[in-house]
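Visitor: I'm new to reading protein structures. Could you walk me through this one?

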Amino acid sequence: MKITGFLYAAGLGTRLYPLTASKPKALVRYNGKALLDNALDKLFASGVAKVIVNVHHFPDMMVEALRQHPCAGRIFVSDERAYLRDTAGGLKFAEHLWQDSDLLLLYNVDIVSNINLNSLINSHIQNHADATLSVRHRQTQRYFLFDRESKQLCGWRNVKTGEEILTRSADNAEELAFSGIHVMNTALARGIPSVEKSSVTGFYLSQSENRRILAHVHDGDEWCDVGKYDQFRNLLS
């Protein structure tokens, strides 16, 4: 089975400003190491055949940094400098780079975690899932809703605004926060609409009525989203 990593690194990094005023958020350093290198090393350690990195903000700086990585020969750039396509749109845009793969291991560059990616992949395969989302019991504003027993995605909820989307019966649902790390079959990814911009959240919800979109709960792992300046500054203090 061929697995390709996809690293989301194209964002503007507005939540990390002013650190991103002169460089992309992927090159912000955490514990002496760029977020980009931290994510790439973790993905390659999981055994992926190659990693696709999408770029937009300071793209030339990103390309140069990727050329200097020890695994540069296995890194492919998806250039979104023309405009950002969001999470599903960006994945679809890079289809020509992953079309020969069976699975996609997707990772947000501003996530730092000791999650066992091989455990996530094995869970996905053993449960015959179409997609598996790493999730945690943590406080946030937006939650995915999963059936407590089957771990099947059944909706989404914004607890601040009250907005809610239900795609299945939610009588036995629990709120779980997305960790920005997920696995998707390429057979499912090929169904992402060919539009200029679209979100993977909306895509998963649109597919959850008939596809196996499952939760992988990893509460025991260390996890942090360092994409927000205040949180990042607190981590370094």
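Guide: Accessible areas come from the Shrake-Rupley method with a 1.4 Å probe, and for residues only the protein chains shown count as cover. Here the protein chain exposes about 11000 Å², with carbon and sulfur atoms supplying 46% of that area. By the way, this is a predicted model: local features need pLDDT of at least 70, side-chain atom pairs count only at pLDDT 80 or more, and totals for chains, interfaces and linings use all residues. Residues are numbered from 1 along each chain as its sequence is written, and side-chain values use heavy atoms, leaving out hydrogens and water.

Visitor: What share of the 237 residues is buried?

Guide: Buried means under 20% relative accessible area, exposed over 50%, and partly exposed in between (1.4 Å probe, protein chains only). In this chain, buried residues make up 52% of the 237.

Visitor: Which residues of helix H2 are buried?

Guide: Helices (H or I, at least four residues) and strands (E, at least two) are DSSP runs, numbered from the N terminus. In H2, residues 59–67, the buried ones are Pro 59, Met 62, Val 63, Ala 65 and Leu 66. Down the helix axis they fall within an arc of 160°, so they line one face of H2; the arc is that of the directions from the axis to the C-beta atoms. Asp 60 and Arg 67 are exposed on the face turned away from that buried side.

Visitor: And what about Ala 94: which residues does it contact?

Guide: Contact means heavy atoms within 4.5 Å. Leaving aside neighbours within four places in sequence, Ala 94 touches Phe 6, Ile 52 and Ser 78. Ala 94 sits in the loop between helix H3 (86–93) and helix H4 (95–98), and counts as buried because its relative accessibility is 0%.
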